[in-house]
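Here are some notes to read alongside the model. Keep the structure open while you go through them.

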Amino acid sequence: MRTADRLHAFYDRMLSRLGSQHWWPAETPFEVMVGAVLTQNTAWKNVERAIANLKGAGLMSLAALSALPTGLLAEYIRPAGYYNIKAGRLHNLLHFVTARHGDDLGAFLAQPLPQLREQLLSIKGIGRETADSILLYAAGLPIFVVDAYTHRILVRHQVIDEEDDYDAIQELFMDSLDGDAQLYNEYHALLVRIGNVYCKKKNPDCAACPLQGM
Ligand code: SF4
């Protein structure tokens with residue numbers, strides 16, 4: 001079977017067994033942006049606790065968070081781990097936006113995809129996965145997000161080689177699937193669910209996994 005056909009078959013199987021994942025779990029594009037930085041190297045449940053802290057303190061806005069001293073921001077996001085580093089990265093991102101667009105996050109996110117991606121990747125601490133998560137989930141732009149789960153699942157199913165990098169995997173998906181943000185959104189979310197529940201680093205639960213036999 002061609003790789004493109006396999007990727008379509010994976011999607012159909014995951015969606016039929018698991019249903020729509022309604023990902024990214026955030027109330028606003030701003031919250032997606034904050035979550036995309038906080039989720040680096042940590043489980044989502046820790047991000048939820050950090051976001052709850054920010055919301056509880058009435059800080060979940062571009063104006064409020066960008067004005068907060070970095071040390072104080074670090075305290076609020078402590079549950080997400082690496083909190084000093086992440087507070088710095090979050091401020092780098094927020095200050096980049098406010099320096100160009102003031103409080104108008106919509107104007108920042110309304111830029112064309114290549115331009116917005118280039119800007120995001122120019123910010124210290126914003127890598128490809130974080131940038132693409134913001135592009136897809138906050139701006140609604142059609143770009144495929146690759147993460148460690150994607151890599152692990154595709155390697156285990158011999159769709160890619162262990163050494164294939166982010167760009168190669170992203171290109172594979174974007175060459176194989178229609179350029180549809182909703183499809184990329186759901187596909188990534190389903191892979192996250194598979195990776196999180198079944199395809200763990202150690203002892204994958206293939207017997208119960210929707211992708212078993214594929
Ligand atoms: S758990 Fe097994 S069947 Fe499921 S994605 Fe991983 S390797 Fe494939």
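1. Where is Trp24 found? Look in the loop between helix 1 (3-18) and helix 2 (29-38); helices here are DSSP runs of H or I with at least four residues, numbered from the N terminus. The peptide bond from Trp23 to Trp24 is cis, with omega near 20°.

2. A word on the source: this is a predicted model, where local features need pLDDT of at least 70, side-chain atom pairs count only at pLDDT 80 or more, and totals for chains, interfaces and linings use all residues. Residues are numbered from 1 along each chain as its sequence is written, and side-chain values use heavy atoms, with hydrogens and water left out.

3. Now check Tyr82, in the loop between helix 5 (70-76) and helix 6 (83-101). Tyr82 isn't a glycine, yet its phi is positive, at about 45°. Most residues other than glycine have a negative phi, and most peptide bonds are trans.

4. Next, a helix pair. Helix 10 (residues 148-156) packs against helix 12 (residues 181-197) at an angle of about 75°, their axes 9 Å apart; axes are lines fitted to C-alpha atoms over the stretch in contact, and angles run from 0 to 180 degrees between N-to-C directions. So helix 10 is roughly perpendicular to helix 12 (65 to 115 degrees counts as that). Helix 10 brings Tyr149, Thr150, Arg152 and Ile153 to the contact, while helix 12 brings Leu191, Val192, Ile194, Gly195 and Asn196 (contact means heavy atoms within 4.5 Å).

5. Finally, the ligand: the residues around it include Ile153, Arg156 and Ile194 (a heavy atom within 4 Å).

Notes. Helices (H or I, at least four residues) and strands (E, at least two) are DSSP runs, numbered from the N terminus. Angles under 35 degrees count as roughly parallel, over 145 as roughly antiparallel, 65 to 115 as roughly perpendicular and the rest as oblique.
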